[in-house]
Amino acid sequence: MATEEIRVSGTVQGVGFRPTVYRLAKACGLRGDVCNDGQGVLIRVSGSEEAITEFVARLQTECPPLARINQLTRSISESEFKFDNFVISTSVSNAIKTEITPDAATCPQCQQEIFDPFSRFFRYPFTNCTHCGPRLSIIRAIPYDRCNTSMSAFAICSECGKEYHDVENRRFHAQPVACHACGPTACLERADGKSVTASMFSMLDDVDAVCTLLQKGEIVAIKGLGGIHLACDATQETVVQKLRQRKKRYHKPFALMARDIEIIEQYCIVNAKEKELLTSSAAPIVLLQASDKKQLASSVALGQNTLGFMLPYTPLHHLILRRMNHPIVLTSGNLADEPQCIDNDEAREKLRTIADYFIFHNREIINRVDDSVVRVVSDKVQTIRRARGYAPASISLPPGFQKIPQILAMGSELKNTFCLLREGEAIVSQHLGDLENAAAFNAYQETLNLYLNLFEHQPEIIAIDKHPEYLSSKLGKELANTNQIKVYPVQHHHAHIAACMAENGIPLDSPPILGIALDGLGYGDDGTFWGGEFLLADYRKFKRIATFKPVAMIGGEKAIYQPWRNTYAQLVTTNLWNDCEEKYADLEIFNFLKNKPLKLLNQLIEKGINSPPASSVGRLFDSVAAAIGIYRDKCSYEGQAAIAMEAIVDVSSLNNDKETLIYPFSFSFSDNIYCIDPRPMWQALLNDLQQQIPQPVMAAKFHKGLANAIVEMVKHLSQENLINQVALTGGVFQNCILLRQVSKRLQTLEIKVLTHSLVPANDGGLSLGQAVITAAQFIHES
């Protein structure tokens, strides 16, 4: 007989892990016990070596759906213990290294129950078990017990109590367990305050009535798991347009929900990896290639060739969509740029002019959690927004980061997240939005305080972005000053690269790699704005060795929303504006630009008045899009023109290797840095405009030319530096065509390419990079 202690760490508490251990130990004929303690789960077993080995193997293959084993270690027990059976012991009450499980989509068993007339959970919108249901969205304190969640308002009934205490039941210690008799309830209201009567619909209940309202062309606000959504029939153009006007979201694509995969496949091409994501417990929005089989309302995704679909992830959604044979729009319940509403009264006030009806419930949402957004690129998952289903699951850090102080990284200004670092792991918050909006900044502070309390995190160092005007940086300085702790400013693009390195497991003491960070802009070490950077970087330091030619952002932020400003700035900077007057006077773009106040614009550029130079590849994309006639005058959100240009790219031109189908760039060297100059690209593009080359072909030539220029620069830099790994990061690399083109070309050079998967390439991943850079600098200084 052998006696062992088995230590399991990871996401192993509150997810049905101990009942699984109990079941498998009994099946393997083992004696002993299992308990939660400060490090995770401790198992003590006695039995034959073969039985223990079988038990360990099955534990890893039959792990509960929401559990994640980060580490499992076996050791011979030095102390004797006597058990006649296998039992679940009382948890050890030492300090717990808290892990909070993300909210999880309804599991198949609960789905079956809500549609089973003989189940006591039949049509119950809040059915859940240890395999699914609310977690982060309802917790207000630790430990994760019912009394510390918004379920504390609902006294558990005897039937639910039996299941809660039954170790053989999948609801054993499921904190949100509830039923019709004891749990939250849903209620339908009219936005105009008038009463809703059952005779209006003759439906089964208020939840079923929502489906009928959607089919009739009404807009319904639906209180879900981590927030309130606005829903309408995605096939009715009139109501989709109405939603856009009321919500003041004029162009951004809407997210969609469909009852099942079969309905999604009527509108999109869905591969095996995408199906896996759609049906996972995270149930994110998955960006899918639109097909020509069926068309949704044209206003659902303007200027896009992809659609963002998700499947129902709560019983409420499943019940609403039971009779819905086509997709619905399911977009965040807010006015444009504000945080999603989570409170009933707040929604009544803010959404009454948008929604026609509300379906509310009386379970409080403690923590706002948006829907996650992902896509599959070359069979690899690319996270665009990390939130529901993924946050706050910890990210294991590479070797070298095990013994570090507690660090708080504040993130960026846009697409903000923050990050808590501790003992070899990073906890990145859910997506918190753009902090320039006052309501979003308030929500950011509330969520930060909640995380610090939930994870018992006491920062010893705070990391911030170097931009002096970012609200997150200002708050970080205030916190550091108040608590008398160090603050580390971190350069924006270095943080992007470090985040990519960290999630790809690059060890702390690895030699520098080449990071290529392309985005809208970030504050550079020289006080200018960067956005197209080649950095030779490790976790502690970096050297800027190449960049894109800086071009003025005329009007500052206005250049983000008026792409023509970037086109004019490019033509002036490349000294091609005079050529336009002489050779291209008949071009539409020239006639458009010459009607602008050019004298004033030139003065702004010459005197540097609110027109900072920026090496931004994001703005380069905007300038090209405007030149060929895509969202030339204005955009309603950053990157709209670039995204639309990606969507129209001619695939046959993209796959054609002819040199004539690639726009050229040139290279220069000055002030100890290499520079990519787009002047030859502009000459070729103006010629194409004159020859009336189709937009899709020009879009393809630009993407290929840019990818080729990036790779040629890497080749050149490789002659002077040892480069065998390249990290591709920054929001521009969310462009699938550019990412594929650059990756493919680099791989032919036998260079290993690192890309993002766990955190976004955009500023949503920045806080992870800030945190690991700060940790590396601390270790170096210690």
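In the hairpin of β28 and β29, which residue takes a positive phi? That residue is Asp-671, with a phi near 55°, in a hairpin that has two residues between its strands. The model is a predicted one, in which local features need pLDDT of at least 70 and side-chain atom pairs count only at pLDDT 80 or more, whereas totals for chains, interfaces and linings use all residues. Residues are numbered from 1 along each chain as its sequence is written, and side-chain values use heavy atoms, with hydrogens and water left out.

Helices (H or I, at least four residues) and strands (E, at least two) are DSSP runs, numbered from the N terminus. Strand β29 covers residues 673-677 and is largely enclosed by the rest of the structure, because five of its five residues are buried, where buried means under 20% relative accessible area, exposed over 50% and partly exposed in between, with a 1.4 Å probe and protein chains only. Ile-673, Cys-675 and Asp-677 point one way from β29, while Tyr-674 and Ile-676 point the other way, and all are buried. In a regular strand the side chains alternate between the two faces of the sheet.

Two strands are said to pair if DSSP finds at least two bridges between them. Tyr-674 of β29 is the bridge partner of Phe-669 and also of Ala-546. The strand pairings described in this report are set out below.

| Strands | Sense | Bridges |
|---|---|---|
| β28 (residues 666-670) and β29 | antiparallel | five |
| β25 (residues 542-548) and β29 | parallel | three |
| β23 (residues 513-523) and β24 (residues 529-537) | antiparallel | eight |
| β23 and β30 (residues 725-729) | parallel | four |
| β2 (residues 31-37) and β3 (residues 40-47) | antiparallel | seven |

**Strand β23**

Strand β23 is mostly covered, as nine of its 11 residues are buried. Leu-514 stands opposite Leu-536 in β24, and Ala-517 has Thr-729 of β30 as its bridge partner. The hairpin of β23 and β24 has five residues between the strands, and there Gly-527 takes a positive phi near 85°.

An open sheet of five strands has the order β4-β1-β3-β2-β5, with mixed pairing. Its edge strands are β4 and β5 (86-88), each of which pairs on one side only. The twist averages 15° from one strand to the next, with axes taken as lines fitted to C-alpha atoms, for helices over the stretch in contact, and angles running from 0 to 180 degrees between N-to-C directions.

The axes of α1 and α2 come within 10 Å and cross at roughly 145°. The contact is made by Phe-17, Val-21, Arg-23, Leu-24, Ala-25 and Ala-27 of α1 together with Phe-55, Arg-58 and Leu-59 of α2.

**Individual residues**

Ile-69 lies in strand β4 (residues 68-76) and is partly exposed, with a relative accessible area of 23%. Not counting residues up to four places away in sequence, Ile-69 touches Val-8, Ser-9, Phe-17, Leu-59, Gln-60 and Cys-63. The C-alpha atoms of Ile-69 and Leu-479, which are 410 residues apart along the chain, are separated by 34 Å.

Ser-429 sits in the loop between β20 (425-428) and α11 (438-454) and is buried, with a relative accessible area of 0%. Leaving aside neighbours within four places in sequence, Ser-429 is in contact with Arg-386, Ala-391, Thr-417, Phe-418 and Tyr-451.

**Cysteines**

With a disulfide taken as a pair of cysteine sulfur atoms within 2.5 Å, the count comes to zero disulfides. Cys-129 is in no disulfide, and the nearest cysteine sulfur, that of Cys-107, is 3.6 Å away; Cys-129 counts as buried because its relative accessibility is 0%. Cys-182 is likewise in no disulfide, with the nearest cysteine sulfur, that of Cys-157, 3.6 Å away, and at 8% relative accessibility Cys-182 counts as buried.

Technical notes. Contact means heavy atoms within 4.5 Å.
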